Every structure is written in structure tokens, then in C-alpha cells.
Amino acid sequence: MSPEYPLLEAGTLWRVGSFDRGQIVTPGTRYYHVSKGRVPGTVGFQYTVQGSVQYHDSTGTYPVTSGHAFLHAFGDDVVYFTTPENTETYICDWITFTGAGIGEHWSVLRKGHGSVLPVDTQTHQAMCNLMELASPQAALDPTVLAEAVHEFLMSLFLKFRERRQETQNPVDAAVDELLRHPSYPWSLKELAEKHGCSREHLTRVFTQRIGTSPGAWLNQSRLRRAIELLKSSDLPVSSIAEKAGFASPHTLARHLRRVVGKSPRALRVLPR
């Protein structure tokens, strides 16, 4: 193992930065934290056990009551605080995470589901388990801890997606399914019928949300995927067309020539 490897591992692997369980803020005690002044690269998950705290960002101020958590990232224009009117003791559990790329994942999670979220008992327990794994007494291998952090974050994605699917309207569900699976050979009419909306309504809502039509977005996404595979693999063009979601190699070639002016074969010999 090279002497640089532990340093690279420490800066790259997802890990727990710091944590506290059962932090108590009594009425009248000043509790006011600003994320903007902190060095970016760390994200936080704070769960309210008892009482409430106020979370403020550019969209407004929201109470985070018992059974809820807020997500924030260091460097963001976010403030969380208790107010002088609080007459109940505030108790919270909090944990921070850091590592290469975790901020981007956190951003996607917050943009898709919001920064203040209800949290079930299972998720809160998983958070507490992470605290135990990250304690100095555990002396856990960093790769094992990184896997546990990844598992926790992915569980948040799945739970919040399921909750959103249960509450969102049919056309938003159709848009989300289209965004998740751009390489699937979609028929917009069939997708709309599956979710109980019209193709026209689906197209209108998709265009409002994404800024382009479903057909144009699918072509762009599929073309990016095909170019990536052409440059990074030796797969036959027919396989690449299928994996990217194009109906045929001929369709892929036509789109490539129109957008980049190159055939699939010519694109493969471009400098990487």
C-alpha cells in the first residue's frame, strides 16, 4: 500500500464527521446556528426528539417538531434556532457526514423532497446505530463505516421517494418515472394511461417542470448515454443503441450526425 493511500481514503470515503445524541436546550437558553459561515463539504441530519426548532432558508421558516428532521449543508444560507417563546425543552439527535460527492447526493435529496421531513422510528434508529459505529470505541474500519453511511443515505432516498409516490398526483408520478428511466423505450401515451392522465397533460407538465418537451429531453439523455458508452466501451453499436434507449443503430447514428456531426464509428476514434 502506498503511503498516500490512507490520506486519499480519508478524504474520499463517506464518513461521520461528528454527532451528539440527546442534546438538550432548556427554555431561555440561546440556541442559534448559521450554516453559511461553515466550510462547505459537510452535511447534517438533525432529528427532533422533543419540542421544536425553527429551520430557515431562502424559501421560508419551518418548525421542526418531534418526529421530524431537517437536512442542511455547511456553507448554505440556512439558520436553525429556538425562539424565546419556547416553553418546552428542546431535545435533538444530530449527525454530520462528509466525503467526496456526498454534498451532491444531499442536494438531490433536499431538492426532491424538501429539507424538513417526517422520520419514522426505523430511520431514527439507523441514525443512532451510525453514531455507535462512528464512536472511537468502535474502532471501525473506515470502509465499513463508509458502507454504513451509504446505506443510511440510500434508505433516505427510498423512504422519501415512497412517501412522495403515495401523495403525489398522477401526472407528477408519470413525470418522475420518465425522469428515472430515460433509456426505457417509452410510449408517452402508454405511460400517461398507466398513471391515469392524458398524453397532452403529461407533456405540458413535463415541459413546465424541466423546461423542454419529453421527446427532446429523452433524445438528449439517450444521446449523452450513447456517447459515454461509445467512448468508454467496445460494445457493438447495436448494443449501445439498445442500452441508451434508441429504437435502432440507424436511429442512434442519425441523432449523432445531427447533433455532433459524427457517425458512431468516427466518434470512437476521437481523443479522450
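Predicted model: local features only at pLDDT ≥ 70, side-chain atom pairs only at ≥ 80, totals over all residues.
Residues are numbered from 1 along each chain as its sequence is written, and side-chain values use heavy atoms, with hydrogens and water left out.

Let's begin with the sheet. Four strands make an open sheet, in the order β2-β7-β4-β5, with antiparallel pairing. Strands here are DSSP runs of E with at least two residues, helices are runs of H or I with at least four, and both are numbered from the N terminus. Two strands count as paired if DSSP finds at least two bridges between them. Which strands stand at the edges? They are β2 (32–34) and β5 (60–65); each has a single partner strand, so one side of each is left without a neighbour in the sheet.

Now look at one pair of strands. Strand β4, residues 52–57, and strand β7, residues 79–81, pair in the antiparallel sense over three bridges. Find Y55, and you will see that its bridge partner in β7 is Y80.

Next come the salt bridges. We call it a salt bridge when a side-chain nitrogen of Lys or Arg is within 4 Å of a carboxyl oxygen of Asp or Glu. How many does the structure hold? There are six salt bridges.

One of them joins D76 and R110, with the closest N and O atoms 2.8 Å apart. D76 lies in the loop between β6 (68–73) and β7, while R110 is in helix α2 (residues 102–113), so the pair ties together parts that are 34 residues apart in sequence. For accessibility, buried means under 20% relative accessible area, exposed over 50%, and partly exposed in between, using a 1.4 Å probe and protein chains only. D76 is partly exposed at 26%, and R110 is buried at 15%.

Another salt bridge brings together the side chains of K194 and E177, at 2.7 Å from N to O. This pair links distant parts of the chain, with K194 in helix α6 (residues 188–195) and E177 in helix α5 (residues 170–180), 17 residues apart. Is K194 buried or exposed? K194 is exposed, with a relative accessible area of 54%, whereas E177 is buried, at 12%.

E228 and R225 also form a salt bridge, their closest N and O atoms being 2.7 Å apart. These two are three residues apart in helix α8 (residues 214–232), so about one helical turn separates them. Both partners are partly exposed: E228 has 45% relative accessibility and R225 has 33%. There is a network too, in which salt bridges link D172, D176 and R209.

Last stop, the pocket. On a 1 Å grid over the protein atoms alone, a pocket is an open set of points with protein on both sides within 12 Å along at least five of seven lines, and lining residues have an atom within 4 Å of a point. The largest pocket has a volume of about 360 Å³, the volume being the space filled by probe spheres set on the points. Its lining has 14 residues, and V108, G112, H113, F157 and R164 lie nearest the centre. Helix α2 gives the largest share of that lining, five residues.

How values were computed:
1 Å grid on protein atoms, 1.4 Å probe; cavity = no way out; pocket = protein on both sides within 12 Å on 5 of 7 lines; lining within 4 Å.
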